[in-house]
Amino acid sequence: MQRTLSYTAFILLFGITGCKKFLGKNPDNRAALESPEQVSQLLATAYPQSNYMAFTESISDNVNDKGAGGQDLTTVQPYFFKDVTENSQDSPEGYWNACYSAISAANQALESCFKAPDTANYSSQKGEALLCRAYAHFMLVTLFAKTYDPNSAKTDLGIPYVLTPEKVVFQKYTRKTVSYVYEMIEKDLLAGLPLLDDTRYTVPRYHFTKAAANAFAARFYLYKQEYAKSLSYANAVFPGSNVTAILRPWNSTYLTLTYNELWARYAKASEPANLLLVETASWWARNYFSERYAMDANKKAEILSSNVTGGTYAFTRQSYTLGTNNYMIPKINEYFVRVSVNATIGVGYVMVPLFTAEEVLFNRIEANIYLNNIPAAVQDLNDYASTRIFNYDPASNTITTSKMQNYYGGDERQATLATLLDFKRAEFVQEGMRWFDLLRYNLPVTHTTTDGQKMVLEANDKRRVFQIPESAKLSGVELNPR
C-alpha cells in the first residue's frame with residue numbers, strides 16, 4: 001500500500017532508518033484533514049502494516065531444526081531464544097515501529113475529529129480510530145511486556161500508551177504498568193465500539209467493523225481473564241445458531257481447490273471467516289516453509305497427525321512439501337510489487353487475518369470452559385470439528401467429555417481445555433498464533449538442534465518478553481530486563 005500522508009512520528013523515535021528518512025522534516029507536517037472522507041483515508045494506515053508471524057512462530061513449539069534451509073535472523077534468533085537484531089520487516093522491531101506508526105495515524109485522526117466544527121459527522125471515524133489505537137497498544141503489550149496477570153499487572157512494566165500526536169522529534173515517554181495499559185485499551189475499546197458504522201466502508205474486512213471489534217473485545221477480555229465479558233462479545237459475532245456457516249470449509253469446498261486457488265482465497269476479503277485483514281510488507285509467504293527452523297515431518301505429525309475425534313484433519317489433504325522436509329499449508333500468499341514496471345526487484349506483501357471467525361469460536365469455547373459451561377464448549381468443539389475432519393462422520397467423530405478424558409487424562413475441564421489448545425495449534429499453524437497461548441498458559445518451550453544442543457524457555461524466563469528496540473531509549477523508554 002502506497003502511503004500518501006507523512007504521519008509516522010514514532011518511526012522517527014524508534015527506527016534508525018526512519019530517523020534518517022524523516023529527521024529533516026517537521027514531524028507534524030501532515031496534510032490538513034478537512035472532511036470525514038480525508039480522516040477515513042488516513043485511518044486506512046492506522047492498522048499495523050507489519051507482520052509478527054515470522055518471529056512468533058519461530059519462538060514457539062511448532063518448529064524444529066531441519067538441519068538445512070534459510071537462515072533469516074527473524075527465524076534463527078527466536079529459535080535460539082535470542083533477541084532479534086534484524087530491524088526491518090518481519091522482525092520484532094519492525095512490528096514495534098509499525099504499531100506506533102498506526103497509533104500515530106489513529107491519534108492524528110482523533111485530533112481532527114475532535115477539532116472539526118461538525119464533530120457529529122466524524123463519529124464513525126472516531127470509533128475506528130479508537131479501536132485502532134486500542135488494538136496496536138494491545139499487540140505491543142502482549143509481545144513486549146509480561147503477560148497480563150491480575151496478581152502482578154499493577155507492578156509489571158507495560159509499554160508507552162500514546163494518546164496524542166507527536167509534536168516534536170524526540171518526545172519523552174515512560175512505561176507505566178501492564179494494568180494501566182489494559183485500562184487504557186479497555187477505555188478506547190468501549191468508547192469506540194458503539195460508534196462504528198459498517199456501511200461507511202467500501203471493503204469492510206479492511207476495517208474495524210462491529211464484528212471485528214467484538215472479536216477484538218472477546219480476545220481482550222479472555223486475556224484479561226474476564227470470561228463472562230469475553231463470552232458476551234464472542235456471542236455478538238455469532239448472532240445466529242449456525243456457527244459453521246462462517247467457518248472456513250476445510251473439509252468441503254477447500255478440498256476442491258487447487259493450491260493456487262486456496263492461497264488466493266484464504267486471506268480474501270470475501271471469505272466470511274475473515275473478520276479483519278491488513279496488508280503487510282513481508283517475506284514470510286516465500287520463506288516460512290523453507291527456513292531451517294520451521295515445521296518438519298516430526299512437527300507436522302505432532303500437530304496434525306491425530307486428534308481426539310479419531311479422524312484426520314482435512315488440512316493434511318492440502319499440505320505439501322517443496323524440496324526436502326519443507327512442509328506448508330497453502331494459506332499464506334505473497335503479492336509482489338515491483339519498484340517499477342521493468343524492475344526485477346520489489347517488495348513482497350502478505351495479507352494477514354488479524355481476527356477470524358475461528359478464533360472467536362475458540363475464545364468462546366475457552367470462556368465457557370472457565371465459566372463451567374462444559375456442554376456449550378463441547379458443542380462448539382463439535383461444530384468446529386465438523387468443518388475440519390476429513391469425511392466427518394458424527395457417529396464416530398463426535399467429541400464427548402469421556403472421549404476427551406480418555407485421550408488426554410485429567411478432569412473434565414482439563415481435558416476440554418487440552419482439546420481446545422490442540423485444535424487452535426492445528427488451525428493456526430505457521431501463522432504465529434500458537435505463541436500467544438504459550439504465553440498465557442506459561443508453557444515451556446524446548447528447541448533442539450541437529451547437533452544435539454537443547455534449549456529450554458521456561459515459564460519464568462525473561463526472554464519470553466520480546467526486547468524493546470534499543471533505539472527506543474532515545475525517547476527514554478526502559479528496555480526489558482535480560
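**Strand pairing and a helix contact**

Author: Strand E2 (residues 274-281) pairs with E7 in the antiparallel sense over 7 bridges. The model is predicted, with local features needing pLDDT of at least 70, side-chain atom pairs counting only at pLDDT 80 or more, and totals for chains, interfaces and linings using all residues. Residues are numbered from 1 along each chain as its sequence is written, and side-chain values use heavy atoms, with hydrogens and water left out.

Reader: What makes strand E6 (residues 334-338) and E7 a pair?

Author: Two strands pair if DSSP finds at least two bridges between them; E6 and E7 have 5 bridges, in the antiparallel sense, so they pair by that definition.

Reader: Why is strand E7 (residues 346-356) called largely enclosed by the rest of the structure?

Author: Buried means under 20% relative accessible area, with exposed over 50% and partly exposed in between (1.4 Å probe, protein chains only); 9 of the 11 residues of E7 are buried, and the strand is therefore largely enclosed.

Reader: Why are helices H16 and H19 called roughly parallel to each other?

Author: Helix H16 (residues 374-385) and helix H19 (residues 412-427) pack at an angle of about 30°, with their axes 11 Å apart. Angles under 35 degrees count as roughly parallel, over 145 as roughly antiparallel, 65 to 115 as roughly perpendicular and the rest as oblique, so H16 and H19 are roughly parallel.

Note on methods
Axes fitted to C-alpha atoms, helices over the stretch in contact; angles between N-to-C directions. Helix = DSSP H or I, 4+ residues; strand = E, 2+ residues; numbered from the N terminus.
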